[in-house]
Amino acid sequence: MSAVLAEASAAHAALTNRNKVALVLLGTGVVGGAFLKLLCTPVAGRLHLVGAANSRKQQTDAVQLAARDLRDRLKREGAARDDTALFSALDTHDAALKVIVDATASAELASRHADWLSRGYHVVTANKSLAGGQLSGWRALQAARAAGGRYGDAATVGAGLPVLSTLRRLCDCGDSLLTLEGVFSGSLSYLFNHYDGSRPFSVLLREARKLGYTEPDPRADLSGEDVARKLLILARNAGFALGSDEVVVESLVPETLRDVSTETFLERLEELDEPLAALHEAARARGQVLRFLARINQRGRARVGLTEVPPTHPAARLYGTDNQFALTTTRYHTQPLVIQGPGAGPEVTAQALLGDILSLG
Ligand SMILES: NC(=O)C1=CN([C@@H]2O[C@H](COP(=O)(O)OP(=O)(O)OC[C@H]3O[C@@H](n4cnc5c(N)ncnc54)[C@H](O)[C@@H]3O)[C@@H](O)[C@H]2O)C=CC1
Ligand SMILES: N[C@@H](CC=O)C(=O)O
(Lines give C-alpha, C1' and ligand atoms only; values in the text may rest on other atoms or scores of the structure.)
(Ligands and ions follow the chains in the order given, each with its own letter.)
Protein backbone atom coordinates (compact mmCIF):
# COMPACT_ATOMS: atom_id res chain seq x y z
CA MET A 1 0.00 0.00 0.00
CA SER A 2 1.34 3.45 -0.85
CA ALA A 3 2.10 5.88 1.97
CA VAL A 4 -0.77 8.12 0.79
CA LEU A 5 -3.23 5.21 0.78
CA ALA A 6 -2.04 4.02 4.17
CA GLU A 7 -2.47 7.51 5.59
CA ALA A 8 -5.98 7.81 4.09
CA SER A 9 -6.96 4.41 5.44
CA ALA A 10 -5.62 5.29 8.94
CA ALA A 11 -7.57 8.56 8.83
CA HIS A 12 -10.71 6.67 7.80
CA ALA A 13 -10.23 4.15 10.64
CA ALA A 14 -9.74 6.96 13.16
CA LEU A 15 -12.93 8.67 11.94
CA THR A 16 -14.89 5.41 12.13
CA ASN A 17 -13.63 4.67 15.65
CA ARG A 18 -14.51 8.20 16.72
CA ASN A 19 -18.15 7.48 15.89
CA LYS A 20 -18.19 4.03 17.44
CA VAL A 21 -19.65 3.56 20.88
CA ALA A 22 -18.79 0.57 23.04
CA LEU A 23 -21.38 -0.29 25.68
CA VAL A 24 -21.71 -2.35 28.80
CA LEU A 25 -25.31 -2.88 29.91
CA LEU A 26 -25.98 -3.49 33.60
CA GLY A 27 -29.50 -4.82 34.13
CA THR A 28 -31.43 -6.88 31.62
CA GLY A 29 -34.86 -6.65 33.26
CA VAL A 30 -37.87 -4.72 31.99
CA VAL A 31 -35.97 -1.60 30.88
CA GLY A 32 -32.70 -3.38 29.99
CA GLY A 33 -34.66 -5.91 27.91
CA ALA A 34 -36.39 -3.15 25.94
CA PHE A 35 -33.03 -1.45 25.46
CA LEU A 36 -31.54 -4.66 24.02
CA LYS A 37 -34.37 -4.68 21.46
CA LEU A 38 -33.53 -1.08 20.44
CA LEU A 39 -29.90 -2.09 19.95
CA CYS A 40 -31.10 -4.35 17.10
CA THR A 41 -32.64 -1.39 15.21
CA PRO A 42 -30.84 0.54 12.42
CA VAL A 43 -30.38 3.73 14.50
CA ALA A 44 -28.11 1.77 16.83
CA GLY A 45 -25.74 0.72 14.05
CA ARG A 46 -22.67 2.39 15.56
CA LEU A 47 -23.31 1.06 19.07
CA HIS A 48 -21.37 -2.06 20.05
CA LEU A 49 -22.49 -4.09 23.03
CA VAL A 50 -19.33 -5.54 24.59
CA GLY A 51 -20.80 -6.72 27.89
CA ALA A 52 -24.14 -7.30 29.57
CA ALA A 53 -25.05 -8.39 33.07
CA ASN A 54 -27.91 -9.10 35.39
CA SER A 55 -27.44 -9.35 39.16
CA ARG A 56 -25.95 -12.85 38.96
CA LYS A 57 -24.48 -13.46 35.50
CA GLN A 58 -22.69 -11.61 32.77
CA GLN A 59 -21.60 -12.11 29.19
CA THR A 60 -18.72 -10.64 27.19
CA ASP A 61 -18.62 -13.12 24.33
CA ALA A 62 -19.46 -11.39 21.03
CA VAL A 63 -21.51 -14.30 19.63
CA GLN A 64 -23.56 -14.66 22.83
CA LEU A 65 -24.08 -10.89 23.04
CA ALA A 66 -25.47 -10.86 19.50
CA ALA A 67 -28.11 -13.51 20.35
CA ARG A 68 -31.69 -12.22 20.14
CA ASP A 69 -32.51 -14.11 23.35
CA LEU A 70 -29.51 -12.76 25.28
CA ARG A 71 -31.72 -11.68 28.17
CA ASP A 72 -33.13 -15.20 28.64
CA ARG A 73 -29.75 -16.82 28.10
CA LEU A 74 -28.28 -14.66 30.86
CA LYS A 75 -30.86 -16.08 33.26
CA ARG A 76 -29.42 -19.56 32.66
CA GLU A 77 -25.80 -19.18 31.63
CA GLY A 78 -22.83 -16.82 31.55
CA ALA A 79 -19.89 -16.01 33.78
CA ALA A 80 -20.33 -14.97 37.39
CA ARG A 81 -20.64 -11.19 37.97
CA ASP A 82 -17.28 -9.46 37.86
CA ASP A 83 -17.02 -5.77 36.97
CA THR A 84 -13.32 -6.05 36.12
CA ALA A 85 -14.01 -8.41 33.21
CA LEU A 86 -16.86 -6.21 31.96
CA PHE A 87 -14.84 -3.01 32.05
CA SER A 88 -11.81 -4.63 30.46
CA ALA A 89 -14.10 -5.52 27.50
CA LEU A 90 -14.80 -1.77 27.25
CA ASP A 91 -11.12 -0.84 27.63
CA THR A 92 -9.90 -3.16 24.88
CA HIS A 93 -12.53 -2.05 22.35
CA ASP A 94 -11.31 0.42 19.69
CA ALA A 95 -14.37 2.72 20.05
CA ALA A 96 -13.58 6.23 21.21
CA LEU A 97 -16.71 6.44 23.39
CA LYS A 98 -17.06 3.93 26.20
CA VAL A 99 -20.38 3.91 27.97
CA ILE A 100 -21.76 2.11 31.01
CA VAL A 101 -25.54 1.85 30.88
CA ASP A 102 -27.16 1.33 34.27
CA ALA A 103 -30.64 -0.17 33.88
CA THR A 104 -30.80 -1.51 37.41
CA ALA A 105 -32.33 -0.17 40.61
CA SER A 106 -29.18 -1.03 42.56
CA ALA A 107 -28.09 1.67 45.03
CA GLU A 108 -24.74 -0.06 45.29
CA LEU A 109 -24.08 0.28 41.54
CA ALA A 110 -25.34 3.87 41.55
CA SER A 111 -22.86 4.74 44.28
CA ARG A 112 -20.11 3.96 41.76
CA HIS A 113 -21.33 6.23 38.95
CA ALA A 114 -19.07 9.14 39.95
CA ASP A 115 -16.07 6.83 40.11
CA TRP A 116 -16.83 5.42 36.64
CA LEU A 117 -17.05 8.95 35.26
CA SER A 118 -13.72 9.88 36.81
CA ARG A 119 -12.20 6.78 35.17
CA GLY A 120 -13.18 8.14 31.75
CA TYR A 121 -16.35 6.13 31.06
CA HIS A 122 -19.58 7.88 30.19
CA VAL A 123 -22.58 6.81 32.25
CA VAL A 124 -26.15 6.62 30.98
CA THR A 125 -28.68 5.66 33.62
CA ALA A 126 -32.30 4.89 34.44
CA ASN A 127 -31.19 4.32 38.05
CA LYS A 128 -32.11 7.33 40.22
CA SER A 129 -30.35 6.22 43.38
CA LEU A 130 -27.31 8.46 43.05
CA ALA A 131 -28.74 11.78 41.83
CA GLY A 132 -31.92 11.28 43.87
CA GLY A 133 -30.22 9.84 46.96
CA GLN A 134 -27.94 11.34 49.61
CA LEU A 135 -26.81 14.91 48.96
CA SER A 136 -23.16 13.76 49.30
CA GLY A 137 -23.70 11.39 46.33
CA TRP A 138 -25.22 14.20 44.27
CA ARG A 139 -22.21 16.41 45.07
CA ALA A 140 -19.75 13.67 44.09
CA LEU A 141 -21.64 13.33 40.82
CA GLN A 142 -21.46 17.08 40.17
CA ALA A 143 -17.68 17.05 40.81
CA ALA A 144 -17.20 14.18 38.35
CA ARG A 145 -19.33 16.01 35.77
CA ALA A 146 -17.40 19.23 36.25
CA ALA A 147 -14.21 17.25 35.55
CA GLY A 148 -15.63 16.27 32.14
CA GLY A 149 -17.67 13.10 32.78
CA ARG A 150 -20.87 12.91 30.77
CA TYR A 151 -23.93 11.62 32.56
CA GLY A 152 -27.08 10.72 30.64
CA ASP A 153 -29.98 10.95 33.08
CA ALA A 154 -33.05 11.62 30.88
CA ALA A 155 -34.58 8.27 31.90
CA THR A 156 -34.48 9.12 35.60
CA VAL A 157 -37.34 11.66 35.51
CA GLY A 158 -40.55 11.24 33.50
CA ALA A 159 -39.04 8.13 31.82
CA GLY A 160 -37.43 10.40 29.24
CA LEU A 161 -39.99 13.21 28.92
CA PRO A 162 -38.01 16.38 28.17
CA VAL A 163 -38.13 17.64 31.75
CA LEU A 164 -34.53 17.66 32.92
CA SER A 165 -33.28 19.00 29.59
CA THR A 166 -35.87 21.81 29.67
CA LEU A 167 -35.14 22.71 33.27
CA ARG A 168 -31.38 22.82 32.66
CA ARG A 169 -31.88 24.94 29.56
CA LEU A 170 -33.97 27.44 31.49
CA CYS A 171 -31.37 27.59 34.27
CA ASP A 172 -28.55 27.99 31.70
CA CYS A 173 -30.44 31.05 30.44
CA GLY A 174 -30.52 32.57 33.90
CA ASP A 175 -34.11 31.60 34.69
CA SER A 176 -34.85 30.28 38.19
CA LEU A 177 -37.27 27.62 39.33
CA LEU A 178 -39.79 29.09 41.79
CA THR A 179 -42.14 26.16 42.31
CA LEU A 180 -42.54 22.74 40.81
CA GLU A 181 -45.54 20.50 41.20
CA GLY A 182 -47.32 17.62 39.59
CA VAL A 183 -47.51 13.89 39.19
CA PHE A 184 -44.05 12.33 38.92
CA SER A 185 -44.90 8.63 39.05
CA GLY A 186 -46.10 6.67 36.05
CA SER A 187 -47.29 3.71 38.11
CA LEU A 188 -49.12 5.83 40.71
CA SER A 189 -50.64 7.87 37.91
CA TYR A 190 -51.85 4.67 36.25
CA LEU A 191 -53.24 3.39 39.56
CA PHE A 192 -55.14 6.52 40.53
CA ASN A 193 -56.29 7.32 36.98
CA HIS A 194 -57.95 3.89 36.89
CA TYR A 195 -59.02 3.36 40.49
CA ASP A 196 -62.74 4.02 40.82
CA GLY A 197 -63.53 1.42 43.46
CA SER A 198 -64.98 -1.08 40.96
CA ARG A 199 -61.84 -3.25 40.95
CA PRO A 200 -59.62 -3.84 43.99
CA PHE A 201 -56.50 -1.67 44.19
CA SER A 202 -54.33 -4.81 44.36
CA VAL A 203 -55.65 -5.98 40.98
CA LEU A 204 -54.65 -2.68 39.38
CA LEU A 205 -51.25 -2.83 41.06
CA ARG A 206 -50.60 -6.32 39.67
CA GLU A 207 -51.64 -4.98 36.25
CA ALA A 208 -49.24 -2.00 36.52
CA ARG A 209 -46.44 -4.33 37.53
CA LYS A 210 -47.13 -6.69 34.61
CA LEU A 211 -47.00 -3.73 32.21
CA GLY A 212 -43.54 -2.81 33.53
CA TYR A 213 -44.52 0.48 35.21
CA THR A 214 -43.60 -0.26 38.82
CA GLU A 215 -40.20 -0.45 40.45
CA PRO A 216 -38.74 -3.94 40.96
CA ASP A 217 -40.23 -3.70 44.47
CA PRO A 218 -43.51 -1.77 44.03
CA ARG A 219 -43.19 -0.46 47.58
CA ALA A 220 -40.60 1.95 46.18
CA ASP A 221 -43.51 3.53 44.26
CA LEU A 222 -46.24 3.18 46.91
CA SER A 223 -44.01 4.54 49.67
CA GLY A 224 -43.44 7.74 47.69
CA GLU A 225 -39.68 7.04 47.77
CA ASP A 226 -39.36 6.90 43.96
CA VAL A 227 -41.35 10.14 43.58
CA ALA A 228 -39.16 11.79 46.23
CA ARG A 229 -36.05 10.75 44.30
CA LYS A 230 -37.39 12.41 41.13
CA LEU A 231 -38.31 15.53 43.07
CA LEU A 232 -34.78 15.66 44.49
CA ILE A 233 -33.20 15.20 41.05
CA LEU A 234 -35.26 18.07 39.64
CA ALA A 235 -34.79 20.33 42.65
CA ARG A 236 -31.03 19.77 42.74
CA ASN A 237 -30.72 20.42 39.00
CA ALA A 238 -32.51 23.71 39.67
CA GLY A 239 -29.99 24.65 42.35
CA PHE A 240 -31.79 23.59 45.56
CA ALA A 241 -29.23 21.78 47.76
CA LEU A 242 -31.91 19.56 49.21
CA GLY A 243 -31.05 16.58 51.42
CA SER A 244 -33.02 13.36 51.00
CA ASP A 245 -34.40 13.75 54.54
CA GLU A 246 -35.84 17.16 53.65
CA VAL A 247 -38.71 15.81 51.58
CA VAL A 248 -41.87 15.05 53.53
CA VAL A 249 -42.97 11.69 52.18
CA GLU A 250 -46.38 10.17 52.88
CA SER A 251 -46.34 6.45 52.32
CA LEU A 252 -49.21 4.28 51.12
CA VAL A 253 -47.59 1.12 52.46
CA PRO A 254 -49.25 -0.10 55.67
CA GLU A 255 -46.86 -0.60 58.65
CA THR A 256 -47.46 -4.36 58.54
CA LEU A 257 -46.06 -4.60 54.99
CA ARG A 258 -43.03 -2.33 55.36
CA ASP A 259 -40.45 -4.82 56.62
CA VAL A 260 -41.45 -8.00 54.78
CA SER A 261 -39.52 -9.37 51.78
CA THR A 262 -40.55 -8.33 48.26
CA GLU A 263 -41.95 -11.82 47.63
CA THR A 264 -44.10 -11.72 50.78
CA PHE A 265 -45.28 -8.20 49.95
CA LEU A 266 -46.35 -9.33 46.48
CA GLU A 267 -48.28 -12.23 48.03
CA ARG A 268 -50.08 -9.90 50.44
CA LEU A 269 -51.10 -7.08 48.08
CA GLU A 270 -54.78 -7.57 49.03
CA GLU A 271 -53.97 -5.91 52.38
CA LEU A 272 -53.81 -2.61 50.49
CA ASP A 273 -57.40 -2.92 49.30
CA GLU A 274 -59.32 -1.91 52.39
CA PRO A 275 -57.33 1.22 53.35
CA LEU A 276 -57.29 2.46 49.75
CA ALA A 277 -61.02 1.81 49.32
CA ALA A 278 -61.69 3.87 52.47
CA LEU A 279 -59.57 6.78 51.18
CA HIS A 280 -61.26 6.61 47.79
CA GLU A 281 -64.73 6.56 49.34
CA ALA A 282 -63.97 9.51 51.64
CA ALA A 283 -62.69 11.56 48.70
CA ARG A 284 -65.66 10.59 46.54
CA ALA A 285 -68.10 11.66 49.27
CA ARG A 286 -66.51 15.13 49.15
CA GLY A 287 -66.70 15.26 45.34
CA GLN A 288 -62.90 14.87 45.07
CA VAL A 289 -60.51 12.38 43.46
CA LEU A 290 -57.18 10.99 44.71
CA ARG A 291 -53.88 11.84 43.05
CA PHE A 292 -50.30 11.23 44.24
CA LEU A 293 -48.75 14.69 44.01
CA ALA A 294 -45.26 16.12 44.45
CA ARG A 295 -44.50 19.75 45.22
CA ILE A 296 -41.59 21.98 46.07
CA ASN A 297 -42.08 25.64 46.88
CA GLN A 298 -39.81 28.64 46.57
CA ARG A 299 -38.35 28.09 50.02
CA GLY A 300 -37.38 24.53 49.17
CA ARG A 301 -40.19 22.95 51.19
CA ALA A 302 -40.91 19.63 49.52
CA ARG A 303 -43.70 17.12 49.98
CA VAL A 304 -44.94 14.04 48.17
CA GLY A 305 -48.13 12.22 49.05
CA LEU A 306 -51.71 11.29 48.27
CA THR A 307 -53.95 14.33 47.93
CA GLU A 308 -57.64 14.87 47.33
CA VAL A 309 -58.19 17.19 44.38
CA PRO A 310 -61.33 18.41 42.60
CA PRO A 311 -62.12 16.82 39.21
CA THR A 312 -61.21 20.16 37.58
CA HIS A 313 -57.62 20.01 38.91
CA PRO A 314 -55.01 19.53 36.13
CA ALA A 315 -53.76 16.31 37.79
CA ALA A 316 -57.30 14.90 37.70
CA ARG A 317 -57.26 15.05 33.91
CA LEU A 318 -54.43 12.64 33.24
CA TYR A 319 -54.57 9.33 31.36
CA GLY A 320 -52.64 6.07 31.53
CA THR A 321 -49.17 6.57 32.99
CA ASP A 322 -49.16 10.33 32.38
CA ASN A 323 -46.73 12.41 34.38
CA GLN A 324 -47.24 16.13 34.75
CA PHE A 325 -44.56 18.66 35.66
CA ALA A 326 -45.71 22.25 36.19
CA LEU A 327 -42.72 24.57 36.42
CA THR A 328 -43.21 28.11 37.64
CA THR A 329 -40.06 30.11 37.06
CA THR A 330 -38.98 33.74 37.14
CA ARG A 331 -39.87 34.00 33.45
CA TYR A 332 -42.78 31.51 33.33
CA HIS A 333 -44.60 33.17 36.20
CA THR A 334 -48.10 34.01 35.04
CA GLN A 335 -48.78 30.46 33.90
CA PRO A 336 -46.49 27.52 34.58
CA LEU A 337 -44.61 25.71 31.84
CA VAL A 338 -46.24 22.28 31.81
CA ILE A 339 -44.64 19.10 30.52
CA GLN A 340 -46.97 16.12 30.35
CA GLY A 341 -46.99 12.64 28.85
CA PRO A 342 -46.39 8.95 29.57
CA GLY A 343 -43.97 8.71 32.49
CA ALA A 344 -43.26 4.99 32.76
CA GLY A 345 -42.90 1.95 30.57
CA PRO A 346 -40.11 -0.12 29.08
CA GLU A 347 -40.13 1.30 25.54
CA VAL A 348 -40.09 4.99 26.40
CA THR A 349 -37.49 4.49 29.13
CA ALA A 350 -35.23 2.42 26.89
CA GLN A 351 -35.56 5.11 24.22
CA ALA A 352 -34.43 7.72 26.74
CA LEU A 353 -31.29 5.66 27.39
CA LEU A 354 -30.66 5.30 23.66
CA GLY A 355 -31.19 9.02 23.08
CA ASP A 356 -28.66 9.90 25.76
CA ILE A 357 -26.10 7.53 24.25
CA LEU A 358 -26.58 8.84 20.71
CA SER A 359 -26.20 12.41 21.90
CA LEU A 360 -22.76 11.68 23.39
CA GLY A 361 -21.24 12.12 19.95
N1 LIG B 1 -39.99 0.66 34.47
C2 LIG B 1 -40.02 1.95 34.14
O3 LIG B 1 -41.00 2.44 33.55
C4 LIG B 1 -38.89 2.84 34.49
C5 LIG B 1 -37.82 2.37 35.21
N6 LIG B 1 -36.78 3.20 35.52
C7 LIG B 1 -35.68 2.68 36.28
O8 LIG B 1 -35.04 1.64 35.55
C9 LIG B 1 -34.37 0.77 36.45
C10 LIG B 1 -34.69 -0.67 36.10
O11 LIG B 1 -36.05 -0.90 36.24
P12 LIG B 1 -36.71 -2.27 35.70
O13 LIG B 1 -36.08 -2.65 34.42
O14 LIG B 1 -38.18 -2.05 35.75
O15 LIG B 1 -36.27 -3.30 36.85
P16 LIG B 1 -36.13 -4.89 36.74
O17 LIG B 1 -36.22 -5.44 38.11
O18 LIG B 1 -37.02 -5.43 35.68
O19 LIG B 1 -34.62 -5.07 36.22
C20 LIG B 1 -33.51 -4.79 37.01
C21 LIG B 1 -32.33 -5.55 36.45
O22 LIG B 1 -31.17 -5.14 37.16
C23 LIG B 1 -30.40 -6.31 37.42
N24 LIG B 1 -29.45 -6.03 38.49
C25 LIG B 1 -29.66 -5.78 39.80
N26 LIG B 1 -28.48 -5.59 40.44
C27 LIG B 1 -27.51 -5.72 39.50
C28 LIG B 1 -26.09 -5.65 39.54
N29 LIG B 1 -25.43 -5.40 40.66
N30 LIG B 1 -25.40 -5.82 38.37
C31 LIG B 1 -26.06 -6.08 37.21
N32 LIG B 1 -27.40 -6.16 37.12
C33 LIG B 1 -28.11 -5.99 38.26
C34 LIG B 1 -31.44 -7.38 37.72
O35 LIG B 1 -30.92 -8.68 37.66
C36 LIG B 1 -32.43 -7.06 36.59
O37 LIG B 1 -31.99 -7.65 35.40
C38 LIG B 1 -34.83 1.19 37.87
O39 LIG B 1 -33.82 1.99 38.45
C40 LIG B 1 -36.07 2.04 37.59
O41 LIG B 1 -36.27 3.03 38.56
C42 LIG B 1 -36.74 4.51 35.13
C43 LIG B 1 -37.76 5.05 34.40
C44 LIG B 1 -38.94 4.26 34.05
N1 LIG C 1 -41.72 3.12 38.81
C2 LIG C 1 -41.51 4.37 38.17
C3 LIG C 1 -40.94 4.15 36.81
C4 LIG C 1 -40.28 5.35 36.31
O5 LIG C 1 -39.42 5.94 36.91
C6 LIG C 1 -42.83 5.13 38.05
O7 LIG C 1 -43.85 4.52 38.34
O8 LIG C 1 -42.81 6.31 37.68
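**Domain arrangement and core of the predicted model**

In an unreviewed entry, UniProt places the feature "domain: Aspartate/homoserine dehydrogenase NAD-binding" at residues 27-149; such positions follow the numbering used here, feature names are shortened, and annotations may be inferred rather than shown by experiment. The structure is a predicted model, in which local features need pLDDT of at least 70 and side-chain atom pairs count only at pLDDT 80 or more, while totals for chains, interfaces and linings use all residues. Residues are numbered from 1 along each chain as its sequence is written, and chains are lettered from A and ligands numbered from 1 in the order in which they are written. The span 27-149 is 43% helix and 18% strand, with its end C-alpha atoms 22 Å apart. Helices (H or I, at least four residues) and strands (E, at least two) are DSSP runs, numbered from the N terminus.

The protein is assigned domain 1 (3-160 + 347-358) and domain 2 (164-342), with bounds taken from an automatic or database domain assignment. Between the C-alpha centres of domain 1 and domain 2 the distance is 29 Å. To their contact, domain 1 gives 17 residues and domain 2 gives 18 residues; two residues are in contact if their C-beta atoms, placed from the backbone, lie within 7 Å.

The largest nonpolar core holds 96 residues, of which Val24, Phe35, Val101, Leu231 and Leu353 touch the most other members. Such a core is a set of buried Ala, Val, Leu, Ile, Met, Phe, Trp, Tyr and Cys residues joined through C-beta atoms within 7 Å. Helix α13 (residues 225-237) supplies the largest share of this core, seven residues. Because domain 1 (3-160 + 347-358) and domain 2 (164-342) both give residues to the core, it lies between them. Not counting residues up to four places away in sequence, Leu353 touches Phe35, Val101, Ala103, Val124, Ala126 and Ala155.

Helix α10 (residues 186-194) is largely enclosed by the rest of the structure, because eight of its nine residues are buried. A residue is buried if 20 or more other C-beta atoms lie within 10 Å of its own, exposed if 12 or fewer, and partly exposed in between, with C-beta atoms placed from the backbone. The buried residues of α10 include Gly186, Ser187 and Phe192, and among the elements that cover them are β8 (177-183), α11 (201-210) and β10 (289-296).
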